[in-house]
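Let's take a walk through a protein together. Have a look at the picture and the sequence, and then read on.

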Amino acid sequence: MAGRFAPRPRPARTTVRGGHAGAPTAAARAGAVPHQAAAPARVRTWVPDGPLDLGLVLGPLRRGPGDPTFRAMPDGSVWRASRTPAGPGTLRVSADGGEVCGQAWGPGAEWLLERLPELLGAADDPSEFVPRHRLLALTRHRRPGLRLTRTGLVLESLIPSVLEQKVTTVEAYAAWRTLVRTYGEPAPGPVPVQMYVMPEPRTWALIPSWDWHRAGVDDKRASTVLRAVRVAARLEEALRMPAEAARERLEVVPGIGPWTSAETVQRSHGAADAVTVGDLHLPGIVGFALAGDRETDDAQMLRLLEPYAGQRHRAARLILLSGRVPPRRAPRMPVRDMGRL
């Protein structure tokens, strides 16, 4: 893939999409966040109607421990850097007693604060879930603060999900981290550590083939991202659709299948029934937890989850949170370094 194009000298380089992408600045290559003038944060407080655990609700949005768009701090606060329809924005969420405080910076601050309740599960109704297995009932009792987040952003969840297709999480997280730090922009506001907003669609389209390769992304996944960003506006329109219709729209893009569409709408729509099929580990975990069978396949998993129709994703989340997983019988899948190929 990389051998088809000869790298051009910096600072300008011709990309596979027929344009030019500026080279990262010296500060960006060194990993330094440029100095930002202090700006007052926009603030919103919100009182949830029940228990709320920020870590459980927002945890699925973190793509690995080094995700440059997400930070969980020792004081319990969570920081997120997002590219909203209004522009880049940084959101800090903290909980004190029964009240949640959101602080936001950047052009997207108002957009982030307006959707703060939905981000924290206000549109989710945990009472609709009726546990029919002792393990699920016990886990729900121990984790009352679980809500399903709704980000209102499709590409933000779609692109990292594409990068996670058929590779180890270590490889996928490294690719996301590398590409966002190289082609994203520093998050606005007084971020506590280095944080970046993911690139805009056109910037994704201008990433040269050799930089995809260096980030460990094969041509198939890179091509899927490129096809998705070409129709970014149409994909973001899926937010106004029910989750199943949104999945159908996403799957029109070649390279996006049921696994990727489910992983996306779980986060963008807060889809409580979007169970992930095609996963290497999930069927065995669900089968082991509910039936003691670690050899369960997708069809058997769906039969086991049938009593939870409408809430199958929540049931799977509770199973994963229960800690009841089959013992490992083989070494982890080896991590490949595509940049060395």
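We begin with the whole chain, then visit a pocket and some charged pairs.

Keep in mind that this is a predicted model. The protein chain holds 16 helices and 9 strands. Of its 341 residues, 49% count as buried. Its accessible surface comes to about 16,300 Å², and carbon and sulfur atoms make up 53% of that.

Now find the second largest pocket, which has about 360 Å³ of space. It is lined by 19 residues, and the closest to its centre are Arg 83, Thr 84, Pro 85, Leu 153 and Glu 236. Strand E5 (78-84), helix H6 (155-163) and helix H11 (232-236) each give two or more residues to this lining, with H11 giving the most, 3 residues. By type, the lining divides into 11 nonpolar, 2 polar and 6 charged residues.

Next come the charged pairs. Side chains of opposite charge can pair when their charged atoms come close. The whole structure has 16 salt bridges. In one of them, Asp 49 pairs with Arg 147, with the closest N and O atoms 2.6 Å apart. Asp 49 lies in the loop between strand E3 (42-46) and helix H2 (54-58), while Arg 147 lies in the loop between helix H5 (134-142) and H6, so this pair ties together parts that are 98 residues apart in sequence. Asp 49 is exposed, at 70% relative accessible area, whereas Arg 147 is buried, at 7%.

Another salt bridge joins Arg 247 and Glu 244 (3.9 Å, N to O). Both residues sit in helix H12 (residues 243-250), 3 residues apart, or about one turn of the helix.

Note on methods. Residues numbered from 1 in each chain as written. Predicted model: local features only at pLDDT ≥ 70, side-chain atom pairs only at ≥ 80, totals over all residues. Heavy atoms only, no water. Helix = DSSP H or I, 4+ residues; strand = E, 2+ residues; numbered from the N terminus. Buried < 20%, exposed > 50% of the residue type's maximum accessible area, 1.4 Å probe, protein only. Areas by Shrake-Rupley, 256 points an atom, 1.4 Å probe, with all protein chains shown as cover. 1 Å grid on protein atoms, 1.4 Å probe; cavity = no way out; pocket = protein on both sides within 12 Å on 5 of 7 lines; lining within 4 Å. Points joined across faces, edges and corners; volume = space filled by probe spheres on them. Nonpolar A, V, L, I, M, F, W, Y, C, P; charged D, E, K, R; others polar. Salt bridge = Lys/Arg side-chain N within 4 Å of Asp/Glu carboxyl O.
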